[in-house]
Amino acid sequence: MARWPKPPEGSWTEHYPELGTSPVSYEDSISPEFFELEREAVFKRAWLNVGRVEQLPRNGSYFTKELAVAKTSIIVVRDMHGEVHAFHNMCRHRGNKLVWQDFPGEETSGSCRQFTCKYHGWRYDLDGACTFVQQESEFFDLDKADYGLVPVHCDVWEGFVFVNLDDQPEQDLTDFLGPMITSLAGYPFDKLTERWYYRSEVKANWKIYMDAFQEFYHAPVLHAGQSPSKYSNAARDAGFEAPYYRIDGPHRLVSTAGIRAWELDQDMRKPVEGMFRSGLFGPWEVPDLGMDEQPEGLNPAGCDPWGLDSFQLFPNFTILIWGMGWYLTYHYWPTSFNSHIFEGTLYFVPARTPRERLAHELAAASFKEFGLQDANTLEATQSMLESRVITQFPLNDQEVLCRHLHMETAKWVDDYLRGKVGAGL
Amino acid sequence: MPDEPTFYDAIPDDWISPGETTAVDVEGIPVAIANVDGEYFAFGNFCPHQATPLGGQALQRNCLITCPEHHSMYDVRSGDCVMPSDDGFTGTLTMFETRVLDGAVQVRLR
């Protein structure tokens, strides 16, 4: 018996009939050929989030982002007028990577007034214009105006910096984000500037990890050891149900109910949670977010207590907003068909007291433990999927968003292939 | 790759017999090629439903191919879906123009 009302069709999956209810193939996660298509069809066509404006605190601040999936590296920079730009991280002279520190494959960040190539000393201002050529008179009819950095389409929404590697993006950023995501506008992301960051290379296809974080059916089982047995047993017996799912264009949302951890019996939680007044769901005290009203897109089922809303932005970005007044982002950056870099970032209102700081630390440490448990199964899943012993996998109604991600990816690849047709047949 | 459509070599013209299909990489695009009574048809090698590879299977009735995963059936001459998948997917194959030149089956790509 469902604890939460389901749509009139009887299930969330059937509410979106294009998804079907058949078992799903994971060929898209184990095929090197399909991954080569994803590079072009998905990652060079969709808007990709590469960070937040707080990573560019001053005019002249920059960071680099390695985009192995697109076989490039980019520089994101705030110019001397405060505008945010993105460029391919490549010198126009002989192709050297322009901005890097000790190791060319590692990301870096900092602040400068111009970029200088380590190789022959060509310089570029923060708008990308070439401003200095070493021994310019030795060149042949070279006009510096023709040798600016190669720009990447870049736009900012609510402080999130997005880039698009297409020559001419098919949609602008707002259209791409669509109504479900843009209805988060007004959430005080700019006040949640205390940042905790984890990064890990995971030996699994990027979609396999996205699947792990877009269903919570696994939570009472996989994470059972993370709670006292009295709580785990109750959670396992109850199973997981989300009160609300939504699909809007290429993007997805799952919303969950919360718990009032401070009202639980002591044997239902770990002693450290009581001491730190915090846990996986975050600090027990909600900070002042300065919001008169919550953005209309949040807590769509009207849960009380509300747990979280996890917005899955196609292709590889998640914004997860907790009812307790903080948020997480996830990024999944493919490096091959069966590996990717996972980034998990926690954002809090900066701690004012040691107690607040400890509450943040416990939330961050708990998140890391859960993430490691999830990542463990991913490598085990990937290795057996690649055996192709089984090729069809049943998904239940709590896994509706997994179904959508794989279908949406196939659709982008199919759209791309149709663009390759050389004649009107 | 130039933006103007161009024919690229895909397979030798004696590679597959009538009623057979194969899969091949053409300029980075996975393409399936079918021999229908001596005429060649090319289409994207991944089923548009859930990316199951299609090439390599025998044709049914000399011109139909069935996705092994959810049983969508397509006419490889037109790309039309002649029978929806088990769960109702009715998308069509992406078709590429072909020609035979100097012993090679070629596929036209943009």
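Biologist: What makes E16(A) and strand E17 (residues 339–348) of chain A a pair of strands?

Modeller: Nine bridges join E16(A) to E17(A), and the two run antiparallel. Pairing asks for at least two bridges, so the two strands count as paired. Pro334(A), for instance, stands opposite His340(A) in E17(A). E16(A) and E17(A) form a hairpin with two residues between them. Please note that this is a predicted model.

Biologist: How do you know that strand E15 (residues 317–322) of chain A also pairs with E16(A)?

Modeller: Six bridges join E15(A) to E16(A), and these strands run antiparallel. The requirement is at least two bridges, so this pair qualifies as well. Thr318(A) stands opposite Tyr330(A) in E16(A). E15(A) and E16(A) form a hairpin with three residues between them, and Gly325(A) in the turn has a positive phi of about 85°.

Biologist: Why is strand E16 (residues 326–336) of chain A called mostly covered?

Modeller: Nine of the 11 residues of E16(A) are buried.

Biologist: Why is the contact of Glu40(A) with Lys44(A) called a salt bridge?

Modeller: The closest N and O atoms of Glu40(A) and Lys44(A) are 3.2 Å apart. The limit is 4 Å, so the pair meets the rule.

Biologist: Is Glu40(A) buried, partly exposed or exposed, and what makes it so?

Modeller: Glu40(A) has 29% relative accessibility, which lies between the limits of 20% and 50%, so Glu40(A) counts as partly exposed. Lys44(A), at 26%, is partly exposed because its value lies between those limits too.

Biologist: Why do Arg77(B) and Asp75(B) count as a salt bridge?

Modeller: The closest N and O atoms of Arg77(B) and Asp75(B) are 2.9 Å apart, and the cut-off is 4 Å, so the pair counts. Asp75(B) has a relative accessible area of 11%, which is under 20%, and is therefore buried. Arg77(B), at 44%, lies between 20% and 50% and is therefore partly exposed.

Biologist: How many salt bridges does the rule give over all chains?

Modeller: The count comes to 22. Lys65(A), Glu107(A) and Glu343(A) are linked in a network of salt bridges. Between chain B and chain A, however, the count is zero.

Biologist: How do you know that chain B and chain A touch, and which residues take part?

Modeller: The contact takes 28 residues from chain B and 27 residues from chain A. These residues count because contact requires heavy atoms within 4.5 Å. The two chains bury about 2,200 Å² between them, 58% of it on carbon and sulfur atoms. In chain B, Phe46(B), Gln50(B) and Glu69(B) lose the most area to chain A, together 25% of what that side buries. Across the interface, nine residue pairs are in polar contact.

Biologist: What classes of residue make up the side of chain B that touches chain A?

Modeller: That side has 14 nonpolar, eight polar and six charged residues.

Technical notes:
Residues are numbered from 1 along each chain as its sequence is written. Chains are lettered from A and ligands numbered from 1 in the order in which they are written. This is a predicted model: local features need pLDDT of at least 70, side-chain atom pairs count only at pLDDT 80 or more; totals for chains, interfaces and linings use all residues. Side-chain values use heavy atoms; hydrogens and water are left out. Buried area is the accessible area (1.4 Å probe) that two parts lose on being put together, summed over both. A salt bridge is a side-chain nitrogen of Lys or Arg within 4 Å of a carboxyl oxygen of Asp or Glu. A polar contact is a pair of N or O atoms within 3.5 Å; within protein, one must be able to donate a hydrogen and the other to accept it, and residues adjacent in sequence count only if both atoms are side-chain atoms. Ala, Val, Leu, Ile, Met, Phe, Trp, Tyr, Cys and Pro count as nonpolar, Asp, Glu, Lys and Arg as charged, and the others, Gly among them, as polar. Buried means under 20% relative accessible area, exposed over 50%, partly exposed in between (1.4 Å probe, protein chains only). Helices (H or I, at least four residues) and strands (E, at least two) are DSSP runs, numbered from the N terminus.
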